[in-house]
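Visitor: I'm new to this one. Could you show it to me and walk me through it?

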Amino acid sequence: MSDKVQKVYAHTLYQANIKKLPKKLQADSFMIGDRKYSWWSIDKMEADENIREHNLDVVELVKHNIV
């Protein structure tokens, strides 16, 4: 019996043009409620070891369909 788990994900991508980004969201990172968010470029995500190991497929999906 194999311990490897195969998962299948269905991603929906959205693209938006924001004319006026609220000041709070213009920082590199920000809080909304109790959650911390941050802005990352595609290059930064591709260079991050953790993202490359766990989510590079999602970065590539975004890179080739939105950017």
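Visitor: Is Val8 buried or exposed?
Guide: Keep in mind that this is a predicted model. Val8 sits in the segment before β1 (29-32). A residue needs over 50% relative accessible area to pass as exposed. Val8 has 75% relative accessibility, so it counts as exposed.

Visitor: How far apart in space are Val8 and Ser38?
Guide: Along the sequence, 30 residues separate Val8 from Ser38. In space, going from C-alpha to C-alpha, the gap between Val8 and Ser38 is 26 Å.

Visitor: What pattern does the chain follow along the sequence?
Guide: Start with the pieces: there are three helices and two strands. Read along the sequence, the pattern is β-β-α-α-α.

Visitor: What is the radius of gyration of the chain, and what does the globule rule give?
Guide: The C-alpha atoms fill a box of roughly 55 × 30 × 25 Å along the principal axes. For 67 residues the globule rule gives 11 Å, and the chain is well over that, so it is more spread out than a compact globule. The radius of gyration is 15 Å, against 11 Å from the rule.

Visitor: What share of the 67 residues is buried?
Guide: To count as buried, a residue must have under 20% relative accessible area. The chain as a whole exposes about 6700 Å², with carbon and sulfur atoms supplying 52% of that. Buried residues come to 7% of the 67.

Visitor: Which residues are closest to the centre of the largest pocket?
Guide: That pocket has a volume of about 610 Å³. Its lining has 17 residues, and the closest to the centre are Tyr14, Trp39, Trp40, Val62 and Ile66.

Visitor: How many residues in the lining of the largest pocket are nonpolar?
Guide: β2 (35-38), α1 (42-47) and α3 (56-65) each supply at least two residues of the lining. By class, there are no charged residues and three polar ones, while the nonpolar ones number 14.

Visitor: Back to Trp40: where does it lie, and which residues is it in contact with beyond its neighbours within four places in sequence?
Guide: Trp40 lies in the loop between β2 and α1. At 34% relative accessibility, Trp40 counts as partly exposed. Setting aside neighbours within four places in sequence, the contacts of Trp40 are Met45, Asp48 and Ile51.

Visitor: And how far is Trp40 from Asp28, C-alpha to C-alpha?
Guide: Trp40 and Asp28 are 12 residues apart along the chain. Their C-alpha atoms are separated by 8.2 Å.

Notes: Residues are numbered from 1 along each chain as its sequence is written. This is a predicted model: local features need pLDDT of at least 70, side-chain atom pairs count only at pLDDT 80 or more; totals for chains, interfaces and linings use all residues. Side-chain values use heavy atoms; hydrogens and water are left out. On a 1 Å grid over the protein atoms alone, a cavity is a set of points where a 1.4 Å probe fits but cannot get out, and a pocket is an open set with protein on both sides within 12 Å along at least five of seven lines; lining residues have an atom within 4 Å of a point. Grid points are joined across faces, edges and corners, and a volume is the space filled by probe spheres set on the points. Ala, Val, Leu, Ile, Met, Phe, Trp, Tyr, Cys and Pro count as nonpolar, Asp, Glu, Lys and Arg as charged, and the others, Gly among them, as polar. The radius of gyration is taken over C-alpha atoms; the globule rule is 2.2 Å times the number of residues to the power 0.38. Buried means under 20% relative accessible area, exposed over 50%, partly exposed in between (1.4 Å probe, protein chains only). Accessible areas come from the Shrake-Rupley method with a 1.4 Å probe; for residues, only the protein chains shown count as cover. Contact means heavy atoms within 4.5 Å.
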